[in-house]
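Welcome! Let's look at this structure together and ask what lies behind some of the words used to describe it.

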Amino acid sequence: MKALLAVIHRDLLIAMRRKAEVLTALFFFVIVTSLFPLGIGPEPALLRKIAPGVLWVGALLATMLGLQRMFAADYADGTLEQMALSPQPLALLVAGKNVAHWLVCGLPLVVLAPVLGLQFGLDGQSLAVLTLGLLIGTPVLSLVGSVGAALTLGVRGGGALLSLLVLPLYVPTLIFGAGAVEAQQSGMGASGHLSLLAALLALAAFFAPWATTTAIRIALE
Amino acid sequence: MLRAEGLSCRRGDRELFAGVDLRVEPGQWTHVRGANGAGKTSLLRILAGLAQPDSGEVRWNDSPIAQDRAAWNTDLLYLGHHAAIKDELTPIENLRAASELEGHTLTDEQALRALRRFGLKGREDLPVRFLSAGQRRRVLLARTMTRPAVAWILDEPLTALDSSAIEDFSSLVADHLSRGGLAVVTSHQALPLAGGQELVL
Amino acid sequence: MKPLDFHWFRFASPATFYPLAGRMIPLFWLLAAVFGVAGLWVSFFVAPTDATQGEGYRIIFVHVPASWMSMFIYIMMATWAGIGLAFNTRLAGMMAQALAPTGALMALLSLWTGALWGKPMWGTWWVWDARLTSELVLLFLYLGFIALQAAIDEPRRADKAGAVLALVGVVNVPIIYFSVKWWNTLHQGASVSLTRAPAMAQAMLWGMLLMALCFWMYSIAMALTRVRAIILEREATHDWTHGLEEVMA
């Protein structure tokens, strides 16, 4: 447990000292979602309709931008190797890195989303569903993405390849997350979608650390 | 006691080495030598448990390391090619983080003592990226003091060290051996250390 | 020779599997041809004209078997990859690598025939039907697998990394299908079932079954051919490959 907290503390410390890296993904989220109204037109009804999809896809893409930094730096400077040689279980340390990544890349998206949602004219309840959905969904994106990040460590064409690997796996999260907001908007209630998102989170929390740990050991061989 | 039997390793098309046997008792050290690309690093990584050999097995105190990884990891200190320190953190933060990742806590005192032993006095509060390559290696070597481990596996530990640092380091290894530790070392330079076996790949 | 004496694991070595595969391939091509001819005959001449869709529906005799095969091959690929990862064997990983392109082809065929069906039937090339959409995602999973293996130079690492990806994908495929179906049923008006045939005539069923068998035999033949090529490539430095005809030429 101490080791888990130590990993999180370490990664957060590093992120604080490399703020620029962290903020780029956030700015990307803001810019990308702002581009859509510019491209599609300012008609309010249309914007409200596309908002869930646009915001969720924006969050997806912003998360993907940040995935590379999860393990790449540690791999390059040898600290990942040392983690694999720690008496503490590697899966525990990996979980710590996932949490740290989410705190740095995912949580800010959750906080920003309602503000961006206002741009699209979403009402209060929809904004709440959007935020809650992202709160549950962004950890899934971090967990599943970490498998892709670990598999592509030190591999040519890392970034683009990572996107190809990870985007298909993101589809269910996108569908349920955006769907929740749409359900709320159409009056059907979002509880079904949100519970499915929660189920995805449980599944990801169960499977992803194993897969990521295996992928890291493969990359270190 | 560290023992390896019949280790072989292939990388892609090439067979790097085969039928390698190794036996290191407490108080002994083995110098692994060979030309560049002969597989020294691969051998050390296999001994450390980072890579799987294509055949053969490594045993620590008579049990295969693959079966009880945590036990081997507790007794092992592996220093590879990379400095294994984070540029953004100071030397003290690095040593503390490395310890906590292994489940120990390191006091500031202990960390400072280790750093000073390696001549890093006055540099403890700068992020490591402001240090020279030699100083970075010394932060890494400081880990040997903050991490009690019986088995040391060191890959080119003398890289980027000047002659006084090399002497320092050698006396450190000698201390370690006299306390019942063991070591497997690769090095292009000669290590001024008595009583080593040689393994040539 | 007592049956129990037969050591199946003998064939886990690429050197012994290579000639065995070589002998099996013509057999599978033959079976594929036989089932193919039978299936096509049933599809075109025996199965009756559909009441609502006319003759155009006959494309399902390619579309449905292709879909089945694309999913079946993915499961086989993940199984072989998993075996290779768990037991650290080379041949299992090679089998997975050999299956991937055929699986991707089946997925592509399924999507393409689905589109060809969609145009005359519903006036549009693409439909966000639950099955088509998850088939598209399946195609991306295949492409991801192939791309990952292509990007990693060291073959053993490529095998193992691919295995992790394939296994993660296998867990995901049912989830993806379910999520898309859920999404689809909530978007009224976009849901068209491509295989909705209220009471499928016996002959139609037979047609699809025979075509499925044809595709299956074809897939096995292709996979075996490909795995032989992969074996030659990877084992090029081993002595047993040097005397072979194919290599000497």
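A crossing is left-handed if the near helix is turned anticlockwise from the far one by less than a right angle, and right-handed if clockwise. This is a predicted model, where local features need pLDDT of at least 70 and side-chain atom pairs count only at pLDDT 80 or more, while totals for chains, interfaces and linings use all residues. Residues are numbered from 1 along each chain as its sequence is written, with chains lettered from A and ligands numbered from 1 in the order in which they are written.

Q: Which hand does the crossing of helix 3 of chain C and helix 6 of chain C have?
A: That crossing is right-handed.

Q: Why is helix 3 of chain C called oblique to helix 6 of chain C?
A: Their axes come within 8 Å and cross at roughly 135°. Angles under 35 degrees count as roughly parallel, over 145 as roughly antiparallel, 65 to 115 as roughly perpendicular and the rest as oblique, so helix 3 of chain C is oblique to helix 6 of chain C.

Q: What makes the contact between these two helices?
A: Residues are in contact if their C-beta atoms, placed from the backbone, lie within 7 Å. Among those making it are C:Met94 and C:Thr102 of helix 3 of chain C, and C:Phe215 and C:Arg226 of helix 6 of chain C.

Q: How many residues do chains C and A bring to their contact?
A: Chain C has 23 residues in contact with 21 of chain A. Helix 5 of chain C gives the largest share of the chain C side, 14 residues.

Definitions and conventions. Helix = DSSP H or I, 4+ residues; strand = E, 2+ residues; numbered from the N terminus. Axes fitted to C-alpha atoms, helices over the stretch in contact; angles between N-to-C directions.
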